[in-house]
Every structure is written in structure tokens, then in C-alpha cells.
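The structure comes first, and the comments follow it.

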Amino acid sequence: MVLLTLLAAITVGIIRTRNLFAVVVLSGAYSFLMASVMIVLDAVDVAMTEASVGAGISTVLVLGALYLTKIHEAPPRYSAVLPMVVTAGFGAVLIYGTWDLPPFGTAVQPVNEHVGALYLERNMAEMDIPNAVTSVLASYRGFDTLGEVTVIFTAGIGVMLLLKRWRTS
Amino acid sequence: MIDWFEALATHYNYWITIALMMAGLYIVVARSNMIKTLVGLGIFQTSVYLLYLSPGKILGGTPPIMAEGIETYSNPLPHVLILTAIVVGVATLALGLAIVVRIHEAYGTIEEDEITTVVDREDFSDPEPEPEPESDPEDSAA
Amino acid sequence: MILDVILRVAAKLFIPFILMFGLYVQLHGDFGPGGGFQAGVIIAAAVILYAIIFGKDAATRAVPEWAVRVMIPMGVLIYAGVGVWSMLMQGEYLNYNVLLHAGEKIGTYDAVHGQHWGVFLVEIGVLVTVTGTMLGIFYMFAGRGRPDD
Amino acid sequence: MSAPGLDLHAHLPALQVMVPLIGSVICALVRQRHVCAAITIGCSVLMPVIAFALLWQVQETGTISYAMGGWAPPVGIEYRVDAPNAFLLVLVSIMGALVALYAPRSVANEIRPESQGWYYSMYLMCMAGLLGMAITGDAFNVFVFMEISSLAMYTLIALGTERRALVAAFQYLIIGTIGATFYVIGVGLIFTMTGSLNLYDISTLIWEPDSTRPVIAGLAFITVGIGLKLAIFPLHLWLPNAYAFAPTVATAFIASTATKVAVYLLLRFLFSIFGVDYTFGLTPAAEILMILAVLAMMVASFNAIFQVNIKRMLAYSSVAQVGYMILGIALVSEAGLTGGISHLFNHAIIKACLFLAVGCVFFSTGATRIDGLAGIGRTMPLTMGAFVIAGLGLIGVPGTAGFVSKWYLIQGAAEAEAWWLVVVIVIASVMAVLYVGRIIEVAWFQEPAAAVVRKPPPEMVAITWVLALATIYFGVQTEISAGVAAEAARELLAGWRQG
């Protein structure tokens with residue numbers, strides 16, 4: 001819970017800072033905190049990914065882009081009323097939606113009883129792979145992962161299409 | 001009152017998740033700097049991960065890696081979904097940054113407000129003023 | 001300059017270990033946290049570290065750009081290829097149960113081993129594409145150069 | 001692929017997505033532009049064959065379920081084909097094939113030679129993503145394929161010839177990602193309450209939870225998320241620039257397929273999964289959608305009249321046409337839905353034809369502004385002839401495809417005794433007369449301004465004419481499109497729970 005509160009504090013910092021370099025550093029810290037929260041939530045695989053992607057690769061990429069562009073953000077020109085209203089409406093719908101969600105940490109709720117429990121039951125017999133996350137990722141929902149690799153592929157080709165400097169030009 | 005406290009305690013992670021999402025969305029909608037917009041988008045997406053992961057945690061459970069003598073595991077399915085979502089997030093970020101770099105080369109600025117006025121001028125005989133670049137995503141949800 | 005030397009030596013010491021760790025994460029993904037994606041990111045990070053300290057040219061000598069361009073589609077091809085293989089073995093797309101025949105008899109399959117093979121190959125596909133893409137994107141950003149404005 | 005005993009028939013659902021996906025990857029590997037163009041055309045032409053086979057199979061044997069990885073749903077990911085999405089698969093794959101046949105010289109004209117191989121790769125990937133969204137029966141898989149197609153689309157748009165294309169692509173990237181994230185939030189809420197991601201499974205579990213609030217909030221998020229993708233009226237602001245500045249091939253393909261797939265997803269969620277009782281019984285979805293649809297038809301048509309860039313004018317018209325489709329949904333009746341679905345089909349044909357005709361003009365003269373088209377009808381009569389036919393279809397003149405779907409919509413409105421809707425449809429059509437008429441006036445009745453630099457290649461004109469003739473064909477022969485649309489409408493109205 002302390003971690004979650006810290007996360008919120010960092011976010012406020014990101015909103016208020018105009019120096020983009022500081023924003024990048026703060027968002028790196030945000031990712032590490034997020035990874036810690038994920039460990040608390042037992043999502044070790046996800047935490048590892050978030051730490052390496054969010055704090056590692058993303059930071060490098062944003063820094064690279066900053067190097068190619070500029071570091072300071074101009075003060076906003078328009079008033080922040082409309083965005084405030086949008087955000088407030090969004091939050092209201094979410095609060096409405098999450099109000100009746102089952103309390104945190106209980107085993108007896110649909111999400112942990114239906115398909116999720118099936119994976120845990122069947123995993124060892126059908127896969128013999130102890131890490132259930134790996135077996136779900138690569139086999140039970142393997143097609144999603146193929147899609148995920150394809151997303152990465154698409155982004156890679158897209159970036160190369162946009163940024164590649166050809167010798168002939 | 002008791003209800004409220006109970007709701008606060010059992011749903012605390014949801015509250016923070018919502019706060020983070022709102023912050024992320026606010027940055028995306030309100031800020032004109034394109035890189036900051038992308039950072040905000042990252043926060044917005046990352047906070048959604050918590051929405052998925054929170055219900056999957058079982059108090060007293062362990063990570064879903066099978067071992068002798070452990071009975072309760074947390075739910076692996078949300079973890080898998082979020083792994084995919086993280087990957088999608090970084091892919092979007094990379095592509096977005098690439099476009100921003102190209103925009104900076106083409107326009108010399110990465111402030112969306114400034115560019116919108118330039119875009120308007122390029123379309124000089126357009127009688128309609130260019131609409132605000134950000135849309136209002138809540139209109140049809142309300 | 002002294003700082004530079006320290007960095008270089010430290011990097012030379014660290015990078016092999018980072019690469020080893022990446023491989024460990026890749027191969028140990030069945031038993032602990034990790035897998036192709038995390039390993040790919042870690043390995044790419046090692047090369048990026050090398051590029052930051054020794055320069056992009058040195059990095060492109062180690063992992064040339066054409067190799068990256070081949071790696072990106074190759075990983076997806078490996079992954080999708082496993083699916084085609086399972087289709088050829090009369091199973092549904094990406095059905096690893098049917099990848100291996102059990103013994104001589106046709107029509108019986110060694111499901112658990114098939115799953116192991118399937119997951120192993122698929123994770124390699126993920127590793128190749130992720131490493132390639134992360135490096136590719138980094139090279140693109142690093143090679144663009146600051147525009148003169 | 002001809003291993004002994006390989007039953008291709010059983011694998012059609014997987015092949016529908018995997019062929020363009022693998023084709024795209026091979027394109028990226030080869031990168032020779034002529035080879036890539038050949039691969040793209042080959043894969044694209046194969047797509048309608050598979051799609052028609054699937055449609056036929058569905059009509060013979062009913063819903064097809066294909067378990068990816070051999071894991072029966074809900075554990076694994078399911079591909080589920082029934083009448084509505086088989087119809088959509090046919091539409092997307094035909095458009096993909098026609099645009100691919102049109103593509104090579106247009107691409108050679110607009111994209112630098114070194115990039116063309118990758119460009120084709122992105123085109124195929126975009127198609128694979130859209131087909132994947134249409135065919136899958138898994139809520140999260142929809143998101144993955146949505147992102148595949150979107151990332152490919154951002155890239156395609158950013159490669160437009162003007163620098164404004166970059167800004168358009170960036171705005172689309174931001175809004176598209178917000179849309180996708182909203183969708184994920186919605187799916188997350190529903191997943192938390194039902195524990196399942198399989199769409200069919202969700203439809204059976206949707207009434208189970210004690211509280212409907214998270215599910216309704218989830219539905220709202222999904223609707224807004226998809227709404228951003230399909231450019232429902234107030235969420236449409238990304239669309240005009242994206243269509244206006246993207247390369248011709250990308251515009252024609254995206255305009256004729258991307259919003260259609262999003263409409264399908266919305267139909268799927270509102271009708272098949274939640275069911276009419278849930279969606280329209282517990283929430284004011286119908287009323288909200290109807291107001292938005294009417295606003296879209298009026299405001300966007302009005303905007304279209306005053307555009308100077310012809311592609312942007314057509315883009316605003318697309319927003320208005322999406323309004324017609326949403327109106328069909330909001331009527332919640334068989335006639336209304338039939339109108340909406342057949343309008344989806346007809347509009348795809350008409351809009352593709354218009355954009356391809358504009359592409360021919362751009363190829364020959366480089367003009368994108370309406371005043372640059374002066375007298376073009378006299379110098380390029382063939383191309384502009386096709387444009388006029390499709391333009392008449394856009395207005396909804398009897399004898400063209402546009403008339404058929406509008407007729408069903410009017411019928412649906414009349415059944416609901418909402419006479420003001422009939423008036424709205426007529427007014428929007430009159431505005432279409434104005435903006436299409438303006439082009440025709442400039443093109444045929446003004447002295448030629450721009451010289452035709454070169455004649456458009458025959459295959460480009462031919463494809464444009466195929467679509468123009470299709471506009472007339474489906475206006476006269478209504479059994480095929482309206483018939484299948486009516487069948488899909490009946491299936492959707494029945495929902496999955498009852499059926």
C-alpha cells in the first residue's frame with residue numbers, strides 16, 4: 001500500500017515537471033515501483049518484464065528521442081478545463097464500475113475459479129512445466145503470444161520504415 | 001461510515017489504480033508536448049495492468065510456479081495477459097517516438113499546439129477551423 | 001578520461017555476465033520467472049550498453065544491421081512455422097501435442113514431450129524477434145543523428 | 001503445404017489469418033519490391049477464396065469453431081465463424097485483394113523504392129490484423145489483433161507524401177491507443193466478473209454476477225473504445241486527417257475495411273454477447289447511439305460540403321456514413337440491422353471506388369485540392385465516370401447499392417414510427433448531393449486547369465471500374481448482399497445466449 005501511494009506521488013511529479021529529462025527519470029522510477037507492486041501481487045514474470053521494459057528499454061528509447069528533439073516542454077496554451085472534465089467523467093465511470101468488484105485478495109471470485117483455476121489444475125499433467133505462466137503463455141494461449149511477437153515485428157518494421165536513412169537519398 | 005472504510009480498505013488498490021489512470025489520461029489529453037503525451041500514455045497503460053493483476057492475487061498464495069507443499073497459487077492468467085499488454089505498450093511507444101522524431105525533423109517542434117496552427121495554414125483556404133486535436137472520449141459513456 | 005577507462009573495463013566485465021543471464025532467463029523460463037521476451041530484452045540491453053560505451057559503430061561490428069533486419073522477421077517465422085508444422089502433423093494450428101510421434105505407430109503422439117518442444121521453439125522465436133527489434137529500434141534512433149535546426 | 005492427408009478444409013479459419021501474416025513476414029525478409037508486390041497480390045487473392053469457402057461452410061453446417069493449439073475453449077483461444085463475421089471476412093478480403101491488385105504502380109509513385117518491400121509487408125500485416133479481429137472468438141485476442149492492425153495502419157499513414165501525414169499518424173496513434181486501452185479496461189472489468197475471456201463463454205455467464213455495475217461499466221468502456229476506432233461522431237476527429245494524408249492505397253484499404261471491422265465488433269458485443277435484453281434493457285445504449293448517429297449524419301455531412309481537399313471531403317462523408325450504420329444498430333430491429341449491415345458492405349465498395357478514382361487522378365495530375373480538379377472529367381473521362389457512379393451510390397440514387405441500404409434503414413425507421421429519422425436520412429442525402437455535386441460540377445463543367453501528366457495505368461482504372469460496376473450490380477441484384485445481411489441481422493438479434 002505504501003508502494004501504491006508512492007506511485008501516485010511520482011505521477012503527480014510527472015504531471016507537474018516541465019523538464020522532459022526529469023520526466024523520463026521519474027517515469028523510470030515509476031516503472032521500478034510498479035515492478036515492486038507486481039511482485040507483491042505475485043506476478044513475478046510480469047514484474048521482471050516491467051522492470052526491464054518500462055525502466056530499461058523505454059527509458060533508453062525516450063532518451064534517444066529526446067536527444068533528437070528537445071528537452072523543454074512549452075507551457076500549455078489552452079485551459080485545462082476540458083481535459084479535467086473528461087478525466088473526471090472517466091474516473092466516475094471507473095469508480096462506478098469497480099465499486100462492486102470482489103474485495104482484494106479473495107480466492108472465491110469468478111476470476112480465480114473459472115478458467116484460471118483450470119490452468120493450475122491441468123498444467124502439470126499436460127505440460128510438465130512448473131511455471132504456469134510460461135505454459136499458459138506459450139501453449140494454452142500461444143496464439144496470443146504469436147500475436148504479441150507480431151506486434152513487436154510490426155513496430156520494428158514500422159520504426160525502420162520511418163527512421164531508416166537510405167544511402168541513395 | 002463503516003461501509004465506506006471497509007470499501008476503502010478492500011478496494012484500496014483499485015482506488016490508486018483509478019487515480020493513476022486518471023492522471024495518465026489527463027496528461028495525454030491536456031499536454032501538448034508529444035513526448036510527454038507518450039509518457040502519459042505509458043502511465044495510462046501501466047495502470048491498467050494493476051486492474052488486471054489485483055483480482056488475480058490471492059492472500060496467502062504464492063506466484064504460480066508449481067512446487068512441493070504449496071496449495072494456493074495466484075491466478076496465472078492475468079499475468080499472461082499483462083505480459084502481452086506490456087509488449088504492446090512498448091511497441092506503441094517505440095513507433096510513437098519514431099513519428100515524433102520525424103515530426104521534429106519536418107516541423108522543428110514537438111508541441112502539438114504549434115503544429116496544429118501550421119497545419120491549418122498549409123490548408124489555407126479551409127474555412128472551417130481545425131478541430132481540437134484531442135477528442136472527448138467520455139461523451140458517449142456518460 | 002579515467003572515468004572512461006573505468007566504464008570500459010566495467011562494461012567489458014559485465015557484458016558477458018549480462019548475456020549469460022539472458023540465456024539463463026531464456027532457458028530457465030520453464031521453472032522460474034522468465035522466458036523469451038525477458039531474455040530478448042536483457043540480451044538487447046547488453047548490446048545497447050556496449051553501444052553506449054564503445055560507440056554505435058563498435059556495436060554494429062558485433063551485431064550488424066543486416067543481421068538485425070533478418071532477425072526481426074525470422075523470429076515470427078519460427079513461431080508461425082511451429083504452427084504450420086503442427087498443422088502438417090494433423091493437429092490444429094499451434095497444437096504442440098502432435099509435434100512428436102510416440103514410437104513407430106502413426107496416429108499416436110507423445111503429448112508432453114511435444115509440449116516441451118513446442119514451448120522451447122516458440123520461446124526461441126520470441127527471443128529472436130524481441131532481441132532483433134529492440135536492437136533495430138535502438139540503432140534507428142542512434143543512427144538518425146541530431147537534425148541541424 | 002500438400003502433405004498427405006492434410007485437410008485444408010478444416011484449417012480454413014487459421015489459414016485466413018496466417019496466410020497474410022506469414023506473407024507479411026516473408027515480405028520483410030525478402031524486401032525486393034517486385035517480389036513483395038507479387039507475394040502481396042498472391043496472398044490477397046487467396047484471401048477471398050478462403051473467405052468464400054468459409055461463408056459457404058457456415059451456410060451449410062452452421063457455426064464453425066476452431067480451437068487454436070488444440071485447447072478447447074474456454075481454456076484455449078477459439079476462432080468462431082458464423083454468418084455475421086463470415087460476411088465481414090468476405091468483405092475485408094475482397095477489398096484487400098482489389099486494393100492489392102491496384103497497388104503496385106500507385107505505391108511505386110508515392111513511396112520511395114527502398115521502402116516499398118516493407119510497405120507491402122505492413123499492408124499485409126494490416127490485413128492480417130483486421131481479419132484476425134473479425135474471426136477470433138476471444139476478447140483479449142481481439143485486442144492483440146487490433147494492435148497489430150493499428151500499428152501497421154499508423155505506419156502506413158505516416159508514409160504519406162506530405163509532412164502533415166506524420167501529424168495525422170501521431171494523432172491517430174494517440175487516439176487509437178486510448179481506444180484500445182479503453183477496450184482493455186472494459187474487457188478487464190468483465191473478465192473480473194465472469195472469469196472468462198472467451199466471447200461465447202462470456203455470453204453465457206453475463207447474467208451470473210450479483211452486481212451488474214462492473215459489467216455495465218465494462219460495456220461502456222468497450223463501446224467508447226471501439227467508438228474511438230470506428231469514429232462515432234464526437235470521437236471521429238482523428239479520421240479526416242488520417243484519410244486525407246495517407247498514401248492512396250492505404251486510404252482506400254483503411255477506409256473500406258477498418259471502420260467496418262470496428263462496427264462488426266460493436267455489433268458483436270452489443271448483440272451476440274450481451275444480448276438485446278442486457279444492452280438495451282439495462283442501459284440507454286440505443287438512445288445514446290441514435291443521437292450520436294443523427295449528429296454524425298448531419299454535422300459530418302455539413303463539414304464535408306466545405307472541404308477543399310477532396311480526400312478529406314470523402315473522409316468526412318465516411319464519418320457521416322458510419323452514422324447510418326450506427327443508426328441501423330440503434331433501431332434494434334431486423335430491418336434496421338439489415339440496413340446497417342448492408343450499408344457497411346455497400347459503403348465499403350463505394351468509398352473504395354471513390355478513393356481509388358481520386359488515386360488515379362492524383363497519379364496523373366498530382367492534384368488533391370478540389371479546385372485542382374477543374375475539367376478533369378473531360379481529360380480523364382473513364383476515371384471520373386467511375387467516380388460519378390460511385391458518387392451517385394453515395395447519395396443513394398435508386399439503382400445503386402447505396403439506395404438499397406438506405407431503403408432498409410428508412411423501412412426500419414418507419415417500423416419504429418420514428419418519422420423524424422426518415423427526414424434526417426433524407427436531409428443527409430441531400431447534403432450528399434451537394435458535396436458530390438460540387439465535385440461533378442468542377443470536374444465536368446469547368447475548363448480544364450491542370451494538365452494530365454500521364455495516363456493512369458490500365459489496371460488502376462480497371463479496378464476502379466470493377467468497384468463502380470459492383471455499385472450498380474448490388475443496387476439491382478439485392479439478394480446477395482441484403483440477403484446475407486438479413487441472415488446476419490437475424491442471428492445477431494437472437495444473440496448467443498438463446499441460440
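1. I begin with a salt bridge, in which the side chains of D:Asp138 and A:Arg141 meet at 2.7 Å, N to O; the term stands for a side-chain nitrogen of Lys or Arg within 4 Å of a carboxyl oxygen of Asp or Glu. The pair crosses between chains, from D:Asp138 in the loop between helix H4 (116-135) and helix H5 (139-158) of chain D to A:Arg141 in the loop between H7 and H8 of chain A. Helices are DSSP runs of H or I with at least four residues, strands are runs of E with at least two, and both are numbered from the N terminus. D:Asp138 is buried, and A:Arg141 is buried too, where buried means under 20% relative accessible area, exposed means over 50%, and partly exposed lies in between (1.4 Å probe, protein chains only). A:Arg141 and D:Asp138 also belong, with A:Asp144, to a network of salt bridges.

2. A word on the basis of these values: this is a predicted model, in which local features need pLDDT of at least 70 and side-chain atom pairs count only at pLDDT 80 or more, while totals for chains, interfaces and linings use all residues. Residues are numbered from 1 along each chain as its sequence is written, chains are lettered from A and ligands numbered from 1 in the order in which they are written, and side-chain values use heavy atoms, with hydrogens and water left out.

3. Turning to the interface of chain A and chain D, 41 residues of chain A are in contact with 51 residues of chain D, contact meaning heavy atoms within 4.5 Å. The area buried between chain A and chain D is about 4000 Å², with carbon and sulfur atoms giving 76% of it; buried area is the accessible area (1.4 Å probe) that two parts lose on being put together, summed over both. A:Phe143, A:Leu161 and A:Trp166 supply 19% of the area that chain A buries against chain D, more than any other three residues.

4. Between chain A and chain D the count is one salt bridge, and five residue pairs are in polar contact, both residues being at pLDDT 80 or more. A polar contact is a pair of N or O atoms within 3.5 Å; within protein, one must be able to donate a hydrogen and the other to accept it, and residues adjacent in sequence count only if both atoms are side-chain atoms. On the side of chain A that touches chain D, H8(A) gives the most, with 15 residues. The residues of that side of chain A divide into 24 nonpolar, eleven polar and six charged, where Ala, Val, Leu, Ile, Met, Phe, Trp, Tyr, Cys and Pro count as nonpolar, Asp, Glu, Lys and Arg as charged, and the others, Gly among them, as polar.

5. For chain B and chain A, 83 residues of chain B are in contact with 89 residues of chain A, and the area buried between them is about 7900 Å², of which carbon and sulfur atoms give 76%. The rule finds one salt bridge across this interface, and the side chains of B:Lys57 and A:Asp42 meet in a salt bridge at 3.1 Å, N to O. Eight residue pairs are in polar contact between chain B and chain A, both residues being at pLDDT 80 or more. H4(B) gives the most to the side of chain B that touches chain A, with 24 residues, and the residues of that side divide into 54 nonpolar, 18 polar and eleven charged.

6. Chain B itself has five helices and zero strands. Of its 142 residues, 70% count as buried.

7. D:Gln171 lies in helix H6 (residues 164-194) of chain D and is buried, with a relative accessible area of 9%. The side chain of D:Gln171 makes a polar contact with the side chain of B:Glu112 at 3.5 Å.

8. Over all chains the structure holds 14 salt bridges. One of them joins C:Arg8 to C:Asp4, with the closest N and O atoms 3.3 Å apart; both residues lie in helix H1 (residues 2-27) of chain C, four residues apart, about one turn of the helix. C:Arg8 is partly exposed at 35% relative accessibility, and C:Asp4 is partly exposed at 29%.
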